[in-house]
Amino acid sequence: MSSTTTDKPMDSDNVIVDDKYNIEAAEILANEAQHLPITEAAPLYEQLLTLFPTAAKYWKQYVEAHMAVNNDDATKQLFSRCLLNCLQIPLWRCYIRFIRKVNEKKGIEGQEETRKAFDFMLSYLGADIASGPVWMEYITFLKTLPAQNTQEESQRMTAVRKVYQKAIVTPTHHIEQLWKDYENFENSVSRQLAKGLLSEYQPKYNSARAVYRERKKYVDEIDWNMLAVPPSGSYKEELQWMAWKRLLAFEKGNPQRIDSASSNKRIIFTYEQCLMYLYHYPDIWYDYATWHAKTGSIDAAVKVFQRALKALPDSEMLRYAYAELEESRGAIQSAKKIYESLLGDGVNTTALAHIQFIRFLRRTEGVEAARKYFLDARKSPNCTYHVYVAYAMMAFCLDKDPKVAHNVFEAGLKRFMHEPVYILEYADFLTRLNDDRNIRALFERALSSLPPEESVEVWKRFTHFEQTYGDLASMLKVEQRRKEALSRTGEEGPSALEGSLQDVVSRYTFMDLWPCSSNDLDHLARQEWLAKNINKKMEKSALPNGPGSVDKVSTGLMSNSNVSAKVVYPDISKMVIYDPRQKSGMEILPSTTASSNLSNPIVSIVGGGTTNAFDEILKATPPALVAFLASLPAVEGPAPDVDIVLSICLQSDIPAGYTGKSGTSPAQLSGGPAPSLSDVSGSSKAHPILSGSSFKPTRDRQSGKRKDLDRQEDDETVTVQSQPLPRDVFRIRQIQKARAGTTSQTGSASYGSALSGDLSGSTG
């Protein structure tokens, strides 16, 4: 599929695959190969099978293409390449057809070859849930064998009986049909003998049938047409992985309670089938190998690892697991070869490979071999500080030689002084030696050479060391130096120079013991975060919004001070809360006419202090919209109630053809106070429109409205138009239910009809 898998590039008519594991392109290529002569199709099949070596369907197509032209030698060669790696019934039945075809004219010798082929197939695939037709075909073949005398007839019947008895205890799709055929066979031979044999195998058959029903549930979840591709994390792949895991666990449980050898054979068969589809999953290979090792088949486990490394040559995990197995069974030289394969040519060797090989040599060949390899490894361009740390700690902990370890750390310091992690590891080592003098010297040397932005962790460790082992003077001195250094990096800002209660907590904490409660810790963390960010917020809030902006910011910060410091909050310095009541700190537009005629309390905010812009908007506003806006009541809060707005829309009598000049001012258009909701609906009580500046709701007015509503609930004949508009949605719904029966009779528009969008009767 890629240019590396074939000797010549594909023709323009062929599919060119950028992703070599592209399944759609592989299917197109396979379909194309089916319609080509075998000489032209063979390179395409080889290309496909190089990428998908366990794709049984492609092997089957390839084999059948050779069989179609009677190319027997090529067919045999292909079967030898694919059969043991592709345990799939259709492919193996193709193999049986080929064997029968080749041996059909060879007489007794050919029949014996065919019988051996059947036995060979059933030894590998006899446990397959779909192997029923193969058992039946084999039985039919045995029954057709010629018998020259009674002895041969008896041998033939015995062979058929043995095959039947194996088939009826195997959980397959055709197990019930096989049992019926076996009953008929035994009864046809001898009814007296059949009774004893059938009673003996009946419980075994029942057990196999029960296991088949359970096994079928797991098998049905598996996609048998899936191609083996590297895991991409897709949902479908994960489902298949889980399905195979469940089937393997089911087989390992030995549900049929058969002997260990037979049970292990089924587990091996299931693993082999699983690897046809999860060929690129290292965990499946590892599970398969370790299962062999646990059952005592170390040689089989080694073979599985060898196959795994052939399938996944770049997997370091499998190489280490394989080397571990070889070392555990005493095959030191085999394990060493695996480690050397990880080292490669030394150019691309990883630091981890160096470290693990040093440890392996220390375990198997001793201290001197490990030291010798370390001296060679440190000359490698890929040798990192990890190798120095690993060898130094091995010399210190295993060889009990602190002098060698100290020399290794000192040698590495000349090369890795710029690595903060190496400094910290060296400091840990010196701490174990109780060498406080050299620890302080190490920190001073490191901090003098490290750039400030990379020294954060080193400063933190230095501070912790002094807090734990130093006196108060040195403790405070290092803390102050740390603050001064980090304040220049922008890591903590200028506020880091100031002392805080966090410093006290840090000084007097030990392990998981704290000098304060968890709530105090949260509060201090929040305050620290606020201290770092308050200047940024003040800068953002320095906008021409008046002197109240700073107060709003500080208020917002205070309101959020009890929240965890991990939460990042948006900048709310520009947010202005909608309020219909004008406050002293807010500028009121001089356009009093528009403000009095249109109850629009947000004018002073939207206008931003410019009257002309708002006047221009009003001039361009259609008269019908002006009349509608005039009927809107002043509401509290940033979000007016949707139900109330809908009720006003449905009950407002918006003029259809208002005549007027486009240049007429809004005051002239309105000609005085605009009609309220009650005026539009025909009520005799007029409600004056309250402007944003004069709207001051009092408790008496609110209580009066509530009394009006209570009186109106008692009088069922009063229409909605004669009552003030409720501000409580729950109250509106109560009225809707109460007026449901009277709407159609009175012909007036109730709140229920208004809210539901239907006007019953005439609104006059």
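1. The largest nonpolar core of this predicted model holds 163 residues. Within this core, Phe 52, Tyr 58, Phe 79, Tyr 182 and Trp 285 touch the most other members. The element that gives the most to the core is helix H19, spanning residues 385-397, with 10 residues. In soluble globular proteins, nonpolar side chains tend to be buried together.

2. Trp 285 deserves a separate look. Beyond its neighbours within four places in sequence, Trp 285 is in contact with Leu 275, Tyr 279, Val 304, Arg 307, Ala 308, Ala 311, Leu 312 and Leu 318.

3. As for the chain as a whole, it has 38 helices and zero strands. Of its 764 residues, 41% are buried. When contacts between residues at least 6 apart in sequence are taken, 56% of them join residues at least 24 apart.

4. Helix H17 covers residues 351-364, 14 residues in total. From its first C-alpha to its last it reaches 20 Å, close to the 20 Å expected at 1.5 Å a residue. Is this helix mostly covered or mostly open? It is mostly covered, with 10 of its 14 residues buried. The buried residues are Ala 351, Ala 353, His 354, Ile 355, Gln 356, Phe 357, Ile 358, Phe 360, Leu 361 and Arg 362. Their covering includes helix H15 (316-328), helix H16 (332-343), helix H18 (367-377) and H19. H19 is also the helix that gives the most residues to the core of point 1. After H17 comes Gly 366, which has a positive phi near 105°.

5. The second largest pocket contains about 1,500 Å³ of space. Of the 47 residues lining this pocket, Asp 119, Leu 122, Ser 123, Lys 166 and Lys 265 are the closest to its centre. Two or more lining residues are given by each of helix H6 (107-125), helix H7 (132-143), helix H8 (150-167), helix H10 (191-219), helix H12 (260-277), helix H13 (282-294) and helix H14 (298-311). Which of them supplies the largest share of the lining? That share, nine residues, comes from H6.

6. Thr 170 is placed in the loop between H8 and helix H9 (175-189). Thr 170 counts as buried because its relative accessibility is 7%, where the limit for buried is under 20%. Apart from neighbours within four places in sequence, Thr 170 has contacts with Gly 126, Ala 127, Trp 135, Ile 175, Ala 208 and Arg 266.

7. Glu 237 belongs to helix H11. With a relative accessibility of 11%, Glu 237 counts as buried. Leaving aside neighbours within four places, its contacts are Val 229, Pro 230, Pro 231, Ser 232 and Tyr 281. Between Glu 237 and Asp 223 there are 9.9 Å in space, C-alpha to C-alpha, and the two are 14 residues apart in sequence.

8. The loop between H11 and H12 calls for attention to its backbone. Most residues other than glycine have a negative phi. Asn 254, which is found in this loop, has a positive phi near 50°. Arg 257, which lies in the loop between H11 and H12, likewise has a positive phi, about 55°, although it is not a glycine. Are these two residues buried or exposed? Asn 254 counts as buried, at 17% relative accessibility, whereas Arg 257 counts as exposed, at 63%.

9. Ile 258 lies in the loop between helix H11 (235-252) and H12. Ile 258 counts as partly exposed because its relative accessibility is 23%, and the range for that class runs between 20% and 50%. Ile 258 and Lys 204 stand 54 residues apart in sequence, and their C-alpha atoms are 9.7 Å apart in space.

Key
Residues numbered from 1 in each chain as written. Predicted model: local features only at pLDDT ≥ 70, side-chain atom pairs only at ≥ 80, totals over all residues. Heavy atoms only, no water. Core = buried A, V, L, I, M, F, W, Y, C linked by side-chain atoms within 4.5 Å. Buried < 20%, exposed > 50% of the residue type's maximum accessible area, 1.4 Å probe, protein only. Helix = DSSP H or I, 4+ residues; strand = E, 2+ residues; numbered from the N terminus. Contact = heavy atoms within 4.5 Å. 1 Å grid on protein atoms, 1.4 Å probe; cavity = no way out; pocket = protein on both sides within 12 Å on 5 of 7 lines; lining within 4 Å. Points joined across faces, edges and corners; volume = space filled by probe spheres on them. Expected span 1.5 Å × (residues − 1).
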